[in-house]
Amino acid sequence: MSASDTHPVRPHMDRLAAEGIDVVRVTYPDLIGTDRARDVLLDHLPAACDHGLAFCRAVYHTSPQGDVVPVAGGLDAGLPDICVRPDLDTLTPLPWEPGVAACLGTVTDPATGLPAPESPRDLLRAVLDRCREHGLRPVVGPELEYFLCDADPGTPRGWRRYSDAAGVVYTAGLRADADNHLLRTLRLLRDLGIGVTSGNHEFDGSQFEINLTHSEAADAADRAFRFKAAIKELARKEGRLATFMAKPFDDAGGSGFHLHLSCLDDTGDNAFDDASAPYGLSATARHAVAGVLAHAPALAALANPTVNSYKRFGPDTLAPWLIDWGLDNRSAMVRIPPERGSGARIELRLGDAGANPYLLIAGTVAAALLGVLAGEEPPAPLEGYGYDPAKSPVLPTSLPAALDALEADTALADVLGKEFTASYLTYKRDEVARFQRHVTDWEFTEYAYHL
């Protein structure tokens with residue numbers, strides 16, 4: 001009998017083999033929430049679990065265009081390794097990839113055996129540990145939107161919108177989805193087992209929204225991460241591009257990443273509900289709202305993490321522009337849905353779809369926790385249609401402003417971790433610098449002929 005026959009991973013291997021699976025794809029999120037991965041042949045799964053899979057730590061510091069940003073611990077340290085081990089509790093077959101199962105990976109620094117400082121999944125877990133110290137277990141329901149595009153080699157971008165149908169918000173069927181993309185995608189995501197519940201066409205042509213169930217925050221982040229990766233992969237299977245970019249088109253709105261947040265107390269009850277309290281919200285809920293409002297400028301750096309993100313904001317966009325909250329009011333940054341009892345929750349509408357699920361949830365939970373610890377009440381809720389800057393402060397209007405707010409918010413940075421915050425600021429400021437050096441099509445069109 002070989003050692004592999006008695007290895008603790010053997011039951012998983014036998015089950016996978018019985019399902020016709022011979023490859024395990026081990027994935028983990030990078031700093032911007034993109035999935036990084038390695039395919040492991042099933043016979044080599046024990047070694048991957050025992051010794052881990054080596055990746056260069058600078059994968060966290062690599063831009064979407066492949067440039068390695070000089071973040072501390074990467075280039076300056078000689079490009080050392082991180083170690084990724086399969087998290088077999090997250091194993092699931094890929095319905096669209098015969099013979100392949102996927103799982104998430106746990107990332108450590110080989111030199112210390114501790115979580116890698118830039119690991120978004122571990123950052124969230126550390127924030128949640130802080131919450132549990134104060135008797136709170138955050139529960140999150142993610143809502144994500146994306147645009148679907150068809151290849152169009154004759155255009156400068158190489159892609160055009162899948163459909164230009166107008167007036168199709170909250171619809172389903174062939175009217176705005178001639179190829180039944182949504183139905184096909186919903187069924188495959190159901191089979192993936194990540195808690196997808198429903199979907200519909202959103203406001204703009206080619207824009208879709210798919211909803212996920214509520215669950216405790218770490219699980220919700222895992223499912224949102226896998227959802228985004230799956231959507232992009234399924235679009236590629238169709239020869240298309242699915243993008244969670246905040247605002248990919250001048251003549252269309254943006255794509256949001258809304259978070260529904262509540263907390264369970266030590267007894268398992270919803271800590272945000274109190275029928276006898278103002279608005280039917282407990283003191284914990286009101287303090288959480290106050291915390292999110294207080295830390296919103298810094299939170300924007302995580303919720304709206306790209307140069308493009310801030311083109312989604314503005315009056316009359318149904319995306320936030322001001323730091324405010326309201327009761328069942330979609331023009332507010334924080335909306336309180338009408339349900340109470342076990343359904344009492346807050347909805348943060350700040351995030352755009354390009355946000356890293358782990359960082360968005362970690363930042364939101366951290367801000368809410370700081371509010372609970374501070375014990376302050378929020379201002380009066382917004383009444384009527386918002387977007388009046390005379391009533392509430394304006395959110396940061398650019399990525400540099402949001403990054404400055406994050407750097408200045410030492411309380412939030414302390415909860416997130418100073419090393420992570422420093423790395424994130426360095427990485428994102430490099431993105432800003434590269435954009436500021438880039439000549440855009442708009443600039444050439446605006447200036448070249450007349451100047």
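## Terms and model

A residue is called buried at under 20% relative accessible area, exposed at over 50%, and partly exposed in between, with a 1.4 Å probe and protein chains only. By that rule Asp 179 is partly exposed, with a relative accessible area of 35%.

This is a predicted model, in which local features need pLDDT of at least 70 and side-chain atom pairs count only at pLDDT 80 or more, while totals for chains, interfaces and linings use all residues. Residues are numbered from 1 along each chain as its sequence is written, and side-chain values use heavy atoms, with hydrogens and water left out.

## Salt bridges around Asp 179

A salt bridge here is a side-chain nitrogen of Lys or Arg within 4 Å of a carboxyl oxygen of Asp or Glu. The structure holds 32 salt bridges. In one of them the side chains of Arg 240 and Asp 179 meet at 3.0 Å, N to O. Arg 240 lies in strand β12 (residues 240-243) and Asp 179 in the loop between β8 (159-161) and α4 (181-192), so the pair ties together parts that are 61 residues apart in sequence. Helices (H or I, at least four residues) and strands (E, at least two) are DSSP runs, numbered from the N terminus. Arg 240 counts as buried, at 11% relative accessibility.

Both residues belong to a network of salt bridges that links Asp 150, Asp 152, Arg 160, Asp 179, Arg 184, Glu 238 and Arg 240. The loop between β8 and α4 also holds Asn 180. Phi of Asn 180 is near 55°, a positive value in a residue other than glycine. Asn 180 counts as partly exposed, at 28% relative accessibility.

## Two further salt bridges

Arg 161 and Asp 164 form a salt bridge through their side chains, at 3.0 Å from N to O. Arg 161 counts as buried at 16% relative accessibility, whereas Asp 164 counts as exposed at 60%.

Glu 419 forms a salt bridge with Arg 57, and the closest N and O atoms are 3.8 Å apart. This pair links distant parts of the chain: Glu 419 is in helix α11 (residues 418-437) and Arg 57 in the loop between β3 and β4, 362 residues apart. Glu 419 is partly exposed, with a relative accessible area of 48%. Arg 57 counts as buried, at 10% relative accessibility.

## The loop between β3 and β4

Val 68 lies in the loop between β3 (53-56) and β4 (81-86), and Leu 79 is in the loop between β3 and β4 too. Val 68, Leu 75 and Leu 79 form a nonpolar patch on the surface, with about 220 Å² of accessible area together. Patches are made of residues with over 30% relative accessible area and no salt bridge; like charges are joined within 9 Å, and nonpolar side chains (Val, Leu, Ile, Met, Phe, Trp, Tyr) within 5 Å. Accessible areas come from the Shrake-Rupley method with a 1.4 Å probe, and for residues only the protein chains shown count as cover.

Val 68 is partly exposed, with a relative accessible area of 35%. Leu 79 counts as partly exposed at 39% relative accessibility. Phi of Leu 79 is near 55°, a positive value in a residue other than glycine.

## The second largest pocket

The second largest pocket holds about 740 Å³ of space. It is lined by 35 residues, and the closest to its centre are Glu 145, Glu 202, His 258, Leu 318 and Arg 349. On a 1 Å grid over the protein atoms alone, a pocket is an open set of points with protein on both sides within 12 Å along at least five of seven lines; a cavity is a set where a 1.4 Å probe fits but cannot get out; lining residues have an atom within 4 Å of a point. Grid points are joined across faces, edges and corners, and a volume is the space filled by probe spheres set on the points.

At least two lining residues of this pocket come from each of β7 (137-151), β9 (196-201), β10 (207-212) and β13 (257-264). By class, the lining has eight nonpolar, 13 polar and 14 charged residues. Ala, Val, Leu, Ile, Met, Phe, Trp, Tyr, Cys and Pro count as nonpolar, Asp, Glu, Lys and Arg as charged, and the others, Gly among them, as polar.

## The cavity

The count comes to one cavity of 30 Å³ or more. About 60 Å³ of space lies in the largest cavity. Its lining divides into eleven nonpolar residues, one polar and no charged. Among the lining residues are Cys 131, Leu 136, Pro 138, Phe 272 and Thr 284.

β13, α6 (283-294) and α8 (357-374) each supply at least two residues of this lining. The largest share, four residues, comes from α8.
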